[in-house]
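Trainee: Could you take me through one part of this model closely? I would like to look at the salt bridges.

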Amino acid sequence: MGIDLAKQVFQLHGVDRLEKVVLRKQLRRAQRLDFFKNLPPCLIGMEACGSSHYWARELRKYGHQVNQVKLIAAQFVKPYVKSGKNDANDAEAICEAVGRPSMRFVAIKDVDQQVIQAEHRIRSRLIRARTALCNEIRGLLGEFGIVIALGVSQVRQALPMLLENTDDKLNVRFLPLLRELAEELREVDDRVKAHDQRIAAAVKSDERIQRLMAIEGFGPITASALVAAVGDATQFSNGRDMAAWLGLVPRQNSSGGKERLGHISKRGDTYLRTLLIHGARAALNTCTNKLDRRSRWAQGLMLRRNRNIATVALANKNARIAWSILSKQEVYRGAMM
C-alpha cells in the first residue's frame, strides 16, 4: 500500500501479491483510526515528509510490524509518477516504489530523536537571528562613525562601553535604541544558553552520543545532531554511504569506464555537514604536535593538499568512524586509527 500524506486528506493505493490494484481510497483525518485498526498487516510505504515519522510510529501501534512500514525519500518516488501530479498518482507511485527490491528507505525516527532535532532547529534559528542582530548593531553604529570588529563577542564587549560613555559621540535619542538592541542581544544569548543546557542533558542520558564525543572534532552539539538524524545508522550499509548522504564525498561524472571526480556533492543536511566540517577544522588545529597515527595522517594531508581539502577529508573520515561506532556499537579507539 502507498499512502500520500496530507494535513486532512490521505490518499491510499493498494495492490495484492500479483500487483493487481485492490484499493483506491481517500480518507479524512478523522477516519484513519478505524481504517488502520481493521487493515490486515501489509507492506506500507509513505514519502519522508512532514509528520511521516509520526504516522509510521502510529501504524506500528495498529499491528504493522517494524519492517512493514517504510519511508521513502521524495526524489526516489518521483520517477514512478506516471503522469500529472495529483494525490492518486502520488499514492500509486509510492506503492510502486516501496515494492522495488533495490529501493533505499529512510530510517523512522523515534520521539527522542525528533525532540533533539527540534532543539537543534530552534537553536540554529536563534543563532542566525543573533548574527543578524549583531550585524544590525554594527551597521547602525557605523552610521555614527563607530566601527566594531566582526564577531558576536566584539559586539558584546563594545556595547557596555558605548552605553556608559557620556560624550556626545552618540545622539541622545539613539542611546535608548542602542539599549533596546543590547537587551535583545542578552535575551537571545540567554535562550541559546538554555538550549545548550537541554542538549547537554540529552547527552548525559544517551550512551550513543557519549561514545561519539570521543572522536576528535565531535562535541555535544555535533554528536547529538548526528544521533538525532541517523539514530543507530543501520540504514547505511557502510561508512561511505553515510558520508555520501552527508554530501562529503566527491561528485561523480563518470562515463565509458573513465572516472571523473569533482567537488564534494553537498547533498543531504547542510546543518550536519557544517557541524562536521567545523569540528574537523578544530581537530586539525590541535593535531600539530600529536604523534598518533590519525594525527600523522592529518599532518601529511595538510602538507600535500590545501587546508580546506584536508578539513573536508577529515570530516569524511569522522563520518565513517561515527557510522562504525553507531552501527556496530563500538567504542572509539583513537590511538589505533
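Mentor: Start with Lys82, which is exposed at 72% relative accessibility. Exposed means over 50% relative accessible area, buried means under 20%, and partly exposed lies in between (1.4 Å probe, protein chains only). The model is predicted: local features need pLDDT of at least 70, side-chain atom pairs count only at pLDDT 80 or more, and totals for chains, interfaces and linings use all residues. Residues are numbered from 1 along each chain as its sequence is written, and side-chain values use heavy atoms, with hydrogens and water left out.

Lys82 forms a salt bridge with Glu92, and their closest N and O atoms are 3.2 Å apart. A salt bridge here is a side-chain nitrogen of Lys or Arg within 4 Å of a carboxyl oxygen of Asp or Glu. Glu92 sits in helix α4 (residues 87-98) and Lys82 in the loop between α3 (74-77) and α4, so the pair ties together parts 10 residues apart in sequence. Helices (H or I, at least four residues) and strands (E, at least two) are DSSP runs, numbered from the N terminus. Glu92 is partly exposed, at 23%.

Now compare another pair. Arg211 and Glu207 meet in a salt bridge at 2.5 Å, N to O. Both lie in helix α8 (residues 207-212), four residues apart, about one turn of the helix. Arg211 is buried at 10%, while Glu207 is partly exposed at 45%.

Glu96 and Arg100 also pair, at 3.7 Å, N to O. Glu96 is partly exposed at 32%, and Arg100 is partly exposed at 28%.

Finally, Arg130, Arg156 and Asp189 are linked in a network of salt bridges. The count comes to 14 salt bridges.
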